[in-house]
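Work through the exercises below with the sequence and the model open. Try each task before you read its solution.

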Amino acid sequence: MTSNQTKSVLVTGANSGLGFEAAAQLAEQGYGRVILACRTLGKAETARGELVKRVGSNPFETLAVDVSSIASAQAASDELIRRGKPIDALLLNAGLVPGDTLQKSVDGFEISFAASLVGHHVMTLRLLEAGLLPTGARVVIAGSEAARDDLPAMMGTKPFDFATGVPKEFGSNYHAAMVSFARATKPEKYHNMRYYGTSKVFTSWWTAAMARRYGDSISIYTVSPGSNMSTNAARHTTGVMGFMFTKIMPVIGPFMGMSQPIPLGAKRYVDVLTGVGSRYTNGGSYMSKPKKLVGPLSEIKYAHLLDVERQEVAWSVLSELTGTPA
């Protein structure tokens, strides 16, 4: 705990659910500076007040950032650069399960893809460029078991073809398929859960590509918090799926091995972020064991997640769409 007093950590989506709980756990482990990065300063300040009551101290700073927006991520990065203090760890937790109707970000990207990755990508690179992520810094980005492509068909999370096979509508042109996915111009009916699952494949690809580029100085991991049905991540879902996610599964999920308490999900993040254990591979993806939604973390080595060609195409697509270095 003493060694953590000089350390700082930034948590996106820190005003509720897993982000709030992870921020609390990090503060309870003695982190001297915990930056609550939320969509608005109002949400961040409210979270700070609640966290101070829980933790009994106030190591918290607030930051406004909409991680689905390039401009907002740039502005938040500028503010952190202005503050001028190094950040030892990033927990890129913010994201959402999209609703049944296609919604795009201000930059024209499908909203779950944008919220999972676009702003996080921009912020991480800007902080690296500014020297605010020191050697030894650790980065965790939220993944999901949906990226494994082994969940029951009824959950509807099967990734799109370019993520696990050959993109049918684009031949073997992975780049075109990924751009079409990001911009939600795919020539097929919008399917929110497939978008969510594929977006989480992207986070694993991004993590591996980041580790190849920056792994000599930082450690970066995709970590799924597991199935935590009592968060508000599914607030945009509607119909039968929305009812299942928000009403039924929070109650029966724990008894079926399909959900767990929020503190356990947040602890997954925190354990990897703080380096508890020595088994984590830089650039690796950690989730529940194959075909499971909860339980011990396991490094997932499915072929589609380890495909270097797709990882590199995904990186080039992100660079192109966000105007960041290739």
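**Exercise 1: Aromatic pairs**

Counting by the ring rule gives 13 aromatic pairs. The rule: rings of Phe, Tyr and Trp (its six-membered ring) pair if their centres lie within 6.5 Å; planes under 30 degrees apart are stacked, over 60 edge-to-face, and the rest tilted. This is a predicted model, in which local features need pLDDT of at least 70, side-chain atom pairs count only at pLDDT 80 or more, and totals for chains, interfaces and linings use all residues. Residues are numbered from 1 along each chain as its sequence is written, and side-chain values use heavy atoms, with hydrogens and water left out.

Task: Classify the pair of Phe 113 and Phe 202, then find which parts of the chain the pair ties together.

Solution.
- Step 1. The ring centres of Phe 113 and Phe 202 are 5.2 Å apart, with 75° between the planes, and the pair is edge-to-face.
- Step 2. Phe 113 sits in helix H4 (residues 111–129) and Phe 202 in helix H7 (residues 192–214), so the pair ties together parts 89 residues apart in sequence. Helices here are DSSP runs (H or I, at least four residues), strands are E runs of at least two, and both are numbered from the N terminus.
- Step 3. Phe 113 and Phe 202 are both buried. Buried means under 20% relative accessible area, exposed over 50%, and partly exposed in between (1.4 Å probe, protein chains only).

Task: Is the pair of Phe 181 and Phe 202 stacked or edge-to-face?

Solution.
- Step 1. The centres are 5.5 Å apart and the planes of Phe 181 and Phe 202 meet at 10°, so this pair is stacked.
- Step 2. Phe 181 belongs to helix H6 (residues 174–182) and Phe 202 to H7, so the pair ties together parts 21 residues apart in sequence.
- Step 3. Now widen the view. Ring pairs link Phe 113, Phe 160, Phe 162, Phe 181, Tyr 190, Tyr 195, Phe 202 and Trp 205 into a cluster.

**Exercise 2: Helix H6**

Task: How many residues of H6 are buried, and what covers them?

Solution.
- Step 1. Seven of the nine residues of H6 are buried, and the helix is mostly covered.
- Step 2. Among the buried residues are Tyr 174, Met 178 and Phe 181.
- Step 3. The cover includes H4, helix H5 (161–164), H7 and helix H11 (308–322). Contact means heavy atoms within 4.5 Å.
- Step 4. Check the ends. Asn 173 caps the N-terminal end of H6, with a side-chain oxygen 3.2 Å from the backbone nitrogen of His 175. Just after H6, Ala 184 has a positive phi of about 55°.

**Exercise 3: Helix H9**

Task: Why does the end-to-end distance of helix H9 agree with its residue count?

Solution.
- Step 1. The expected span is 1.5 Å times one less than the number of residues.
- Step 2. H9 (residues 262–273) has twelve residues and should span 16 Å; its end C-alpha atoms are 17 Å apart, which agrees.
- Step 3. Nine of the twelve residues of H9 are buried, including Arg 268, Tyr 269 and Asp 271.
- Step 4. Gly 275 follows H9, with a positive phi near 75°.

**Exercise 4: The nonpolar cores**

Task: Which residues touch the most other members of the largest nonpolar core?

Solution.
- Step 1. A nonpolar core is a set of buried Ala, Val, Leu, Ile, Met, Phe, Trp, Tyr and Cys residues joined through side-chain atoms within 4.5 Å.
- Step 2. The largest core has 60 residues, and Leu 10, Leu 80, Phe 113, Phe 162, Met 178, Phe 202 and Trp 206 touch the most other members.
- Step 3. H4 gives the most to this core, with nine residues.
- Step 4. A second, separate core has 34 residues, among them Ala 22, Val 223, Val 270 and Leu 297.

**Exercise 5: Strand E1 and Arg 33**

Task: Which way do the residues of strand E1 point, and how many bridges join E1 to strand E2?

Solution.
- Step 1. Five of the five residues of E1 (residues 8–12) are buried, so the strand is largely enclosed by the rest of the structure.
- Step 2. Ser 8, Leu 10 and Thr 12 point one way; Val 9 and Val 11 point the other way.
- Step 3. E1 and E2 (residues 33–38) run parallel, joined by five bridges. Strands pair if DSSP finds at least two bridges between them.
- Step 4. Val 9 has Val 34 as its bridge partner in E2.

Task: Is Arg 33 buried or exposed, and which side chain does its own side chain join in a polar contact?

Solution.
- Step 1. Arg 33 lies in E2. Its relative accessible area is 8%, so Arg 33 is buried.
- Step 2. The side chains of Arg 33 and Glu 61 are joined by a polar contact of 2.9 Å. Such a contact is a pair of N or O atoms within 3.5 Å; within protein, one must be able to donate a hydrogen and the other to accept it, and residues adjacent in sequence count only if both atoms are side-chain atoms.
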